[in-house]
Amino acid sequence: MKDNNFAIYNSLTRRKEMFRPIHEGRVGMYVCGPTVYGDGHLGHARPAITFDVLYRYLTHLGYKVRYVRNITDVGHLEHDADEGEDKIAKKARLEQLEPMEVVQHYLNRYHDAMARLNVLPPSIEPHASGHIIEQIEYIKKILESGYAYESNGSVYFDVPRYNADHNYGKLSGRNIEELLSETRTLDGQQEKHHPTDFALWKKAAPEHIMHWPSPWSEGFPGWHLECSTMGEKYLGETFDIHGGGMDLKFPHHECEIAQSVAHNGKETVRYWMHNNMITINGQKMGKSLGNFITLDEFFTGNHPLLEQAYSPMTIRFFILQAQYRSTVDFSNEALQASEKALQRMLEGWKRLQSLKTSEDSTVADEVAALEAKCYEALDDDLNTPIVIAHLFDACRIINQVNDGKAKATEADVEALKTLFNTFLFDILGIKAETGGNDAGAMRPYEEAVELLLSIRSEAKAKKDWATSDLIRDRLAAIGFNVKDTKDGFEWSLK
Ligand code: ZN
């Protein structure tokens, strides 16, 4: 562990306590995951990448991290108040699919997009639909505590009653009087005692196809409940970090706090972290605005607003060029600038591999300072743009040495390689996107393929066709395309 690894606590929380893993020796981290009824879009990419970097960084610092990211596959009452029907159920009805087929279809696509963005899978990915029993038990306890009531087969959280004893709105800084005047009329309002009350259990309408038995009715759990229930189940009654998009602060996370206080008598989450939102050409993303671009459309360039395709690493780099609490605005110009910047960065890395070294150094102090500066930036509330700026400083040094304007020793070059490996590849999670001969951040399997193919090249040079063909055919059989080129070979995954 690095000496400075407690600093992130102060910076993430702006408080002066010690960051200590509190549940089974692990840092518990819960992030609100996707609702799976459509293809992943930029709104999915930002929290996934932000908390991926935090997960990678905490792990790098030596913490054991249990990272839970849920799948919302039931109870979209709050999301879909406008349409009045659960979107998964609607899609299932229209396309004559099992609701879980719809969920699985979009979940597979989500996982695929996340893998392309080099987002590590979480430790646990619980489904709301797989935790109905736990959610029912959780509701029973809130009913016992007196902060919920049953009404016509549904169960609602009693916000005014809770607010009389505790502070509803503390996270978002809202007060209940203000909420009262803002709250619009919702479906089923007459069942509620108060417009701010929210559903813990909702009786299913006859046409509603996703429902489960409960002591109150055939129905489904409220959306806010799944995160409180599954967070506590996997991370304990108190855990360290809860993350999500800024748009979830209210009401979702506010409701989670109220639920856990009603359930346990105390708050569950020690630190809340919210990433800011993404706009497109200065506008909010939305289906009705015609600027709703899915991740697949970004990767293929297949959308009228896109001038070209943008690779997953360009998207990732672009998101990391902003600190997670600031807004990000997508435009073709901005993405093209990111694409070029990332190219420059990876060229610096490539140049570093064959940099000429000297006996003496003119850059040693500057090189030595970069590592500490990168840690300092990450400790300062995951300030990824500053880390990127320091890595560009490293590129500048590399170019100066390459142009003969500065001198670097073998040790300087090693330190620079460590810097890129640690910060650009391991923590920021950037990878070189082409398989094959690129000198980017190769994963072990890629190195193994390169090794096999260089043995094949040697065999070919000796006219040992049997070995050469054997290597190519066996690689093809396990899913690699190998192509001979003028300069040697190229390969890719089929
Ligand atoms: Zn949530």
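Colleague: What share of the contacts in the protein with a separation of 6 or more comes from residues 24 or more positions apart?

Modeller: In this predicted model, residues 24 or more positions apart account for 74% of the contacts in the protein that have a separation of 6 or more. The protein holds 17 helices and 13 strands, and 53% of its 494 residues count as buried.

Colleague: What makes Cys32, Cys227 and His252 the protein donors of the zinc ion?

Modeller: A donor has to be an N, O or S atom within 2.8 Å of the metal. The SG atoms of Cys32 and Cys227 and the NE2 atom of His252 lie 2.0 to 2.1 Å from the zinc ion, and therefore these atoms meet the cut-off. Along the sequence the donor residues follow the spacing C-x194-C-x24-H. Cys32 sits in the loop between β1 (27-31) and α2 (42-60), whereas His252 belongs to helix α9 (residues 249-264), so that this pair, 220 residues apart, links distant parts of the chain.

Colleague: Why is Cys32 called buried, and why is His252 called buried?

Modeller: The term applies to residues under 20% relative accessible area. Cys32 has a value of 10% and is therefore buried, and His252, with 1%, is buried because its value also falls under that limit.

Colleague: How do you know that β1 and β7 count as a pair of strands?

Modeller: Pairing requires at least two bridges between the strands. Strand β7 (residues 239-245) and β1 share three bridges in the parallel sense, and therefore they count as paired. Tyr30 stands opposite His242 in β7.

Colleague: What makes β2 and β8 the edge strands?

Modeller: The open sheet has four strands in the order β2-β1-β7-β8, with parallel pairing. β2 (65-69) and β8 (269-275) each pair on one side only, which is what places them at the edges. From one strand to the next, the twist averages 20°.

Colleague: How many disulfides does a search of the whole structure find?

Modeller: The search finds zero disulfides.

Colleague: Why do Cys255 and Cys374 count as buried?

Modeller: Cys255 has a relative accessible area of 1%, under the 20% limit, and so is buried. Cys374 counts as buried because its relative accessibility is 0%.

Technical notes. Residues are numbered from 1 along each chain as its sequence is written. This is a predicted model: local features need pLDDT of at least 70, side-chain atom pairs count only at pLDDT 80 or more; totals for chains, interfaces and linings use all residues. Side-chain values use heavy atoms; hydrogens and water are left out. Donors are N, O and S atoms within 2.8 Å of the metal (3.2 Å for Na, K and Ca); water is not among the atoms, so sites may look incomplete. Helices (H or I, at least four residues) and strands (E, at least two) are DSSP runs, numbered from the N terminus. Buried means under 20% relative accessible area, exposed over 50%, partly exposed in between (1.4 Å probe, protein chains only). Axes are lines fitted to C-alpha atoms, for helices over the stretch in contact, and angles run from 0 to 180 degrees between N-to-C directions. A disulfide is a pair of cysteine sulfur atoms within 2.5 Å. Contact means heavy atoms within 4.5 Å.
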